[in-house]
Amino acid sequence: MAKDRGDHSEQACKQVDGEMTRFFELFGKRWTGLIVAVLTEQGAYFADLRRAIPGISERMLSDRLTELTTAGLVVREVDAGPPLRVAYRLTDAGKALEPALKELSRWAESHLPSGGEDCPKQFRG
C-alpha cells in the first residue's frame, strides 16, 4: 500500500507552481507586458506611455500602472510643475525583467505570424 505523500502526489506535482501562477496573475493581463517593455527603454511620463501603446485607455493605463507599482516593479514620481506631471520608471526588480522580455520578443519574431508592421525597421525596438 502506498504511503500518504501529502502535497507530493503525482497530481499535485503536475500543477503549475506558485511562482508561475503569481507571475501570470500580473503579466497575464492585457497591456501589462507592453507597459514594462516601454519602460525598459527609459522612464516615461503618463502621456508618453499612452502614446507609446496604441489602443490603451487612460483608465486601463492608470490601473495597470497602479498594479505594477503595488507589485514593486514600477515607481511613480510626481513633478510638481506647473504643469503637474507624473513619471514612471522601473525599479531594480522591474529592470530584471528585461532579458526575459527580449527573449520573448525574439521568440515571437521567430514563431508568431507577423502583425503587418507599419513602422520601418529602424524605428522598431
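These legends accompany several close-up views of a predicted model. Local features need pLDDT of at least 70 and side-chain atom pairs count only at pLDDT 80 or more, while totals for chains, interfaces and linings use all residues. Residues are numbered from 1 along each chain as its sequence is written, and side-chain values use heavy atoms, with hydrogens and water left out.

View 1. Helices (H or I, at least four residues) and strands (E, at least two) are DSSP runs, numbered from the N terminus. Of the 125 residues in the chain, 19% are buried; here buried means under 20% relative accessible area, exposed over 50%, and partly exposed in between (1.4 Å probe, protein chains only). The accessible surface comes to about 9,700 Å², with 53% of it belonging to carbon and sulfur atoms. Accessible areas come from the Shrake-Rupley method with a 1.4 Å probe, and for residues only the protein chains shown count as cover.

**View 2. Three strands form an open sheet in the order β1-β3-β2, with antiparallel pairing.** Two strands pair if DSSP finds at least two bridges between them. Both β1 (44–45) and β2 (74–79) stand at the edges with a single partner strand each, so one side of each is left without a neighbour in the sheet. Helix α3 (residues 32–41) packs on the sheet and touches β1, β2 and β3 (contact means heavy atoms within 4.5 Å). The direction of α3 makes about 90° with that of β3; axes are lines fitted to C-alpha atoms, for helices over the stretch in contact, and angles run from 0 to 180 degrees between N-to-C directions.

**View 3. Strands β2 and β3 (residues 85–90) pair in the antiparallel sense over 6 bridges.** Look for Glu77, whose bridge partner in β3 is Ala87. The side chain of Glu77 also meets that of Arg89 in a salt bridge (2.8 Å, N to O). A salt bridge is a side-chain nitrogen of Lys or Arg within 4 Å of a carboxyl oxygen of Asp or Glu. Arg89 counts as partly exposed at 37% relative accessibility, and Glu77 is partly exposed too, at 31%.

**View 4. Lys29 and Glu67 meet through their side chains in a salt bridge (3.1 Å, N to O).** This pair links distant parts of the chain: Lys29 is in the loop between α2 and α3, and Glu67 is in helix α5, 38 residues apart. Arg64 is also in helix α5 (residues 58–70) and counts as buried, at 12% relative accessibility. Leaving aside neighbours within four places in sequence, Arg64 is in contact with Lys29, Arg30, Trp31, Thr32 and Ile35.

**View 5. Glu98 and Lys102 form a salt bridge (3.3 Å, N to O).** Both lie in helix α7 (residues 98–111), 4 residues apart, about one turn of the helix. Glu98 counts as partly exposed at 27% relative accessibility, as does Lys102 at 44%.

**View 6. Val16, Met20, Phe23 and Phe24 make a nonpolar surface patch of about 390 Å².** Patches are made of residues with over 30% relative accessible area and no salt bridge; like charges are joined within 9 Å, and nonpolar side chains (Val, Leu, Ile, Met, Phe, Trp, Tyr) within 5 Å. Phe23 sits in helix α2 (residues 18–27) and counts as partly exposed, at 31% relative accessibility.
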